[in-house]
Amino acid sequence: MPVLRQLLACLGLFWLATPTLAQQGAPSRCLAIAQALPMATYAGFTPAQAESEGEVRITYAGHSTYVIETPGGVRIATDYSGAYGSDPLPDVVTMNKAHRTHYTEMPEPGIAHVLRGWNPQGGPARHALGVGDVYIRNVPTDIRTWGGDLERDGNSIFIFEVAGLCIGHLGHLHIRLADAHYGAIGRLDVVMAPIDGGMTLSLDAMSEIAERLSSSIILPMHRHSTPIGAFTGRMGPGFAVDFRDSSSLTVSLRTLPRQRTIIVLKGV
């Protein structure tokens, strides 16, 4: 490891400072090595394993809620308000506070882990925990208030590392991501991206983020009245578009598409 650090230093690279993860020795497979140059490409330090470690089932439940079911039986609902993804009750829920449709103040008592994307006590939310066969962490981002001001660390991008996959949910993202955000996110094989075109980010800004993340699968969400074609058209010919008749898909390292693909599940 010291030799690698010296080599990176010679190349003008540095280890991104993520003390809540790196200093705690978190078992992340997706964290990145960051480069000082603005146009750096970020890659996970631990490469994807050649063999599949099981299939992950992802279901579009509604709005910004996807339900992730791990090979070990852990059930996760994203941007959970209680309106979607509550039957059966998830083991883990993530929330963001931009609107009441992305969180609930009264999560059901049977939910073992309630992960808020903001810190009610102030400062950034910090999550880095293992639940069964999944490791969950967050990358805080700023958020716009109803008055148009910027609130620091009001949103979180949640990342779920399971079965060798790196799965990310961008939440109610309001800002373009900086180099440090991309470094803290690392590799994402699957990304869930809001494409409403206004309440979060413009379609141009969201397409830029989706392009730079280089995920194998993009799962649109938070669409409202935005035509799907408005988003897919901005992504360009480098992305395949796959419309599904089902609200669910299963994915593993072995079955990731060779071409980057926007998968539109039923209901989106």
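**Disulfide.** I looked for disulfides, taken as pairs of cysteine sulfur atoms within 2.5 Å, and the structure holds 1. Cys-30 and Cys-166 form it, with their sulfur atoms 1.8 Å apart. The link of Cys-30 and Cys-166 is left-handed, at -90° about the S-S bond. I then checked what the pair connects. Cys-30 sits in the loop between strand 1 (13-14) and strand 2 (32-35), and Cys-166 in strand 12 (residues 165-169), so the link ties together parts 136 residues apart in sequence. Both Cys-30 and Cys-166 are buried. Buried here means under 20% relative accessible area, exposed over 50%, and partly exposed in between (1.4 Å probe, protein chains only).

**Ground rules.** I am reading a predicted model, where local features need pLDDT of at least 70, side-chain atom pairs count only at pLDDT 80 or more, and totals for chains, interfaces and linings use all residues. Residues are numbered from 1 along each chain as its sequence is written, and side-chain values use heavy atoms, with hydrogens and water left out.

**Strand 10.** Helices (H or I, at least four residues) and strands (E, at least two) are DSSP runs numbered from the N terminus. I went to strand 10, residues 134-144, and found 10 of its 11 residues buried. For pairing I required at least two DSSP bridges between two strands. Strand 9 (residues 128-131) pairs with strand 10 in the antiparallel sense over 4 bridges. Val-131 has Val-134 of strand 10 as its bridge partner. Strands 9 and 10 form a hairpin with 2 residues between them. In that turn, Gly-132 has a positive phi of about 60°. Strand 11 (residues 150-162) also runs antiparallel to strand 10, joined to it by 10 bridges. There, Ile-143 is bridged to Glu-151 of strand 11.

**Cores.** I define a nonpolar core as a set of buried Ala, Val, Leu, Ile, Met, Phe, Trp, Tyr and Cys residues joined through side-chain atoms within 4.5 Å. The largest has 59 residues, and Ile-58, Ile-136 and Ile-167 have the most contacts inside it. A second, separate core has 8 residues, including Ala-77, Met-95, Ile-111 and Trp-118. Back to Ile-136: I skipped residues up to four places away in sequence, and its contacts include Ile-76, Val-92, Leu-115, Phe-158 and Phe-160. Contact means heavy atoms within 4.5 Å.

**Ser-216.** Is Ser-216 buried or exposed? Ser-216 is buried, at a relative accessible area of 17%. Ser-216 lies in the loop between helix 3 (203-213) and strand 14 (217-221). Beyond its neighbours within four places in sequence, Ser-216 contacts Leu-188, Asp-189, Leu-256, Pro-257, Gln-259, Arg-260 and Thr-261.
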